Amino acid sequence: MHHIVLDRWSRGSSAAHRLDPRAKIVPLLALLAALATARHGLPEFSAAVFVLLCAALLAARIPLFPALARAALVLPFAVVFAVVCWLAGDPARGLSLLLKSYLSALAVLTVVATTPLPALLRGIESLRVPLFLLTVAQFLYRYLFVISEEAQHMRKAAAARGTPTRPLASGGARFRAAAGALAVLFARSYGRAQNVHRAMLARGFTGRLHPLFDLHFRPADAAFAALASLAPLAARLALEKVP
Amino acid sequence: MVSPRGDTIVSNVILWGTAVHIPDGFLSTPVWATLDVAALPAVGYMVRRAQRGFDDAKVPLLGVMGAFVFAAQMINFPVGIGTTAHLLGGALLAYTLGPAAACVTMASILAIQALVFQDGGILALGPNLINMAIAGVLAGYLPFYLWGAGRWRKAAIFAGGVLSALVSAVLALSELLLSGVRMPLPILGVSLTLFLAAALLEGAITVAVIGALEKIQPDFVRQPRLGRPFALGAAALAGLLLATVGVLLAAAAPDGIQKLGIQTGIASRAQALFSTPFTGYQAAFLAAGWQRKTLGGLAGLALVYAACLVFGRAVARKRSA
């Protein structure tokens with residue numbers, strides 16, 4: 001599963017990885033806003049942003065081409081809409097959809113690939129997002145792999161019992177079998193959640209997860225945040241001045 | 001998204017039709033900014049509701065059930081002509097965990113999808129939350145809440161599944177249209193047909209899974225109270241459908257609405273009432289260029305934020321009183 005790659009990238013030790021998560025979230029939001037509101041000179045601005053992001057990825061020692069390919073996950077959706085816009089006689093908008101969505105995805109990827117998810121969620125927590133929601137998200141991420149593996153085992157077991165894996169043969173019986181499998185997966189997940197909760201209570205859970213690390217916002221983080229937030233804005237102003 | 005292997009192109013199209021996660025860069029600034037600001041209090045309210053009568057077992061439960069919805073994508077439902085579909089889960093979660101908890105679970109799913117799977121944008125998280133976690137879940141819960149106890153139970157479960165998928169998809173489409181993504185009429189028709197087909201599938205899958213779940217353990221599924229007045233429920237449903245269709249029409253043909261306004265004379269009166277700083281989101285007192293649009297958007301944003309603040313204060317005061 002390829003999201004494990006992202007998890008491995010995020011555990012690197014470069015200077016970019018050591019930055020406080022908040023010092024990366026703020027410039028990310030600034031860059032996304034600058035991209036989303038860009039109109040004139042979009043191709044030039046996009047090129048500048050692309051170079052900036054590639055530099056950031058290289059500095060974080062993240063393999064460049066796999067990262068670029070991963071951000072392209074957004075493209076199938078974007079290409080459909082770009083083609084629709086082109087057909088509707090608005091090729092400029094189609095191009096802008098492609099550029100903006102790809103670069104936004106690449107920017108998010110750059111931050112997520114240099115920040116382990118628990119640290120990232122703690123950074124988001126200090127932006128006043130409800131803790132309950134973030135704790136649920138953290139549990140979701142933790143058990144995503146476990147439950148997905150269980151689903152895969154169930155698929156394999158069903159195939160071993162003779163269920164056709166190709167979806168060509170269809171029918172009510174297979175539909176009901178799939179529904180039954182899903183219901184079993186639901187019941188197992190539910191039971192697992194209860195066991196997890198009991199185990200947590202046995203270890204002294206009081207309704208709050210206690211992180212094993214603290215965030216430190218150092219002067220270097222502040223300097224980076226300021227610089228990295230202003231860079232895209234400066235690039236955009238400079239490029240839009242050029243007639 | 002964890003994409004199951006062995007899918008055909010057709011089923012991928014249906015996937016697009018069902019789970020429209022809007023990426024960044026698709027929506028115009030007024031649209032994403034307004035919906036982001038609207039999503040904050042909405043999600044905050046749902047979180048507070050989900051925590052009410054809180055027992056801390058809910059934290060792992062909601063997380064693990066979110067993971068279940070992710071994993072459910074791997075189990076394919078055959079739907080004929082070599083095509084498969086999979087569960088979206090908004091309605092199913094609402095029937096089992098309750099609407100508020102389902103909203104929180106869907107919200108954390110969307111957050112993880114945006115961060116880890118590059119599926120849906122960060123600035124577009126607000127619109128996606130409104131479409132799928134708030135409107136989708138609540139629309140899916142409405143028929144079940146109204147008729148989930150009587151002899152119409154199965155129909156209500158089906159209708160909920162259909163509505164949750166349809167409302168999310170139509171809202172997403174409307175937001176794209178409002179942002180100026182022009183779609184020729186035939187393409188619009190095709191996508192609406194796909195949405196409808198996908199929504200009917202979601203309804204059928206939800207009914208089948210709820211049926212199987214009740215066989216395993218009946219108390220997984222909530223039991224709504226009996227005896228809701230039929231007329232009230234029908235009116236609520238009709239209102240929901242009308243609002244959804246209205247939003248879509250307004251988004252698809254803003255010119256038509258404007259013309260209607262001019263013909264009926266509302267526009268001239270409205271113009272006198274709300275005259276100009278924000279006409280077409282443009283602050284008229286500024287020089288040309290992107291600053292104008294951005295500032296217009298920001299000023300609108302500030303207005304919406306102030307309105308939310310006032311509304312939130314009023315609700316909080318009412319509750320503490």
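**Confidence, fold and contacts**

Author: This is a predicted model. In chain B, 70% of the residues score at least 70 in pLDDT, and the average pLDDT of the chain is 76.

Reader: In which helix of chain B is confidence lowest, and in which is it highest?

Author: The lowest mean, 42, belongs to helix H1 (residues 9-18) of chain B. Residues 1-18 of chain B stay under 50, although the model has 39 contacts beyond four places in sequence for them. Another stretch below 50 covers residues 269-288 of chain B, with 22 contacts beyond near neighbours in sequence. Confidence is highest, at 93, in helix H4 (residues 90-97) of chain B.

Reader: What ipTM does the model score?

Author: The model has two overall scores. Its pTM is 0.82, and its ipTM is 0.90.

Reader: How many helices and how many strands does chain A have?

Author: Read along the sequence, the pattern of chain A is α-α-α-α-α-α-α-α-α-α-α. The count for chain A is therefore 11 helices and zero strands.

Reader: Why is chain A described as more spread out than a compact globule, and what is its radius of gyration?

Author: The C-alpha trace of chain A spans about 65 × 55 × 30 Å along its principal axes. For 243 residues the globule rule gives 18 Å, and chain A is well over that value, so it is more spread out than a compact globule. The radius of gyration of chain A is 22 Å.

Reader: How far apart do the C-alpha centres of domain 1 and domain 2 of chain A lie?

Author: The domain assignment places 3-126 + 216-241 of chain A in domain 1 and 130-159 + 179-205 in domain 2. The contact between them takes five residues from each domain of chain A. On the domain 1 side, four of these are nonpolar, none is polar and one is charged. The C-alpha centres of the two domains lie 32 Å apart.

Reader: Which helix gives the most to the side of chain A that touches chain B?

Author: The contact takes 75 residues from chain A and 67 residues from chain B. Several helices of chain A each supply at least two residues to this side, including helix H3 (22-37), helix H7 (91-113) and helix H9 (131-160). By class, the side of chain A has 50 nonpolar, 14 polar and 11 charged residues. The most, 19 residues, comes from H10(A).

Reader: Which residues have the most contacts inside the largest nonpolar core?

Author: The largest nonpolar core has 160 residues. The residues with the most contacts inside the core are Leu182(A), Val104(B) and Val209(B).

Reader: Does Ala69(A) count as buried or exposed?

Author: Ala69(A) is placed in helix H5 of chain A. Its C-alpha atom and that of Arg203(A), 134 residues apart along the chain, are separated by 42 Å. Because Ala69(A) has 11 C-beta neighbours inside 10 Å, Ala69(A) counts as exposed.

Conventions:
Residues are numbered from 1 along each chain as its sequence is written. Chains are lettered from A and ligands numbered from 1 in the order in which they are written. This is a predicted model: local features need pLDDT of at least 70, side-chain atom pairs count only at pLDDT 80 or more; totals for chains, interfaces and linings use all residues. Helices (H or I, at least four residues) and strands (E, at least two) are DSSP runs, numbered from the N terminus. The radius of gyration is taken over C-alpha atoms; the globule rule is 2.2 Å times the number of residues to the power 0.38. Two residues are in contact if their C-beta atoms, placed from the backbone, lie within 7 Å. Ala, Val, Leu, Ile, Met, Phe, Trp, Tyr, Cys and Pro count as nonpolar, Asp, Glu, Lys and Arg as charged, and the others, Gly among them, as polar. Domain bounds come from an automatic or database domain assignment. pLDDT is the predictor's confidence in each residue, from 0 to 100. A nonpolar core is a set of buried Ala, Val, Leu, Ile, Met, Phe, Trp, Tyr and Cys residues joined through C-beta atoms within 7 Å. A residue is buried if 20 or more other C-beta atoms lie within 10 Å of its own, exposed if 12 or fewer, and partly exposed in between; C-beta atoms are placed from the backbone.
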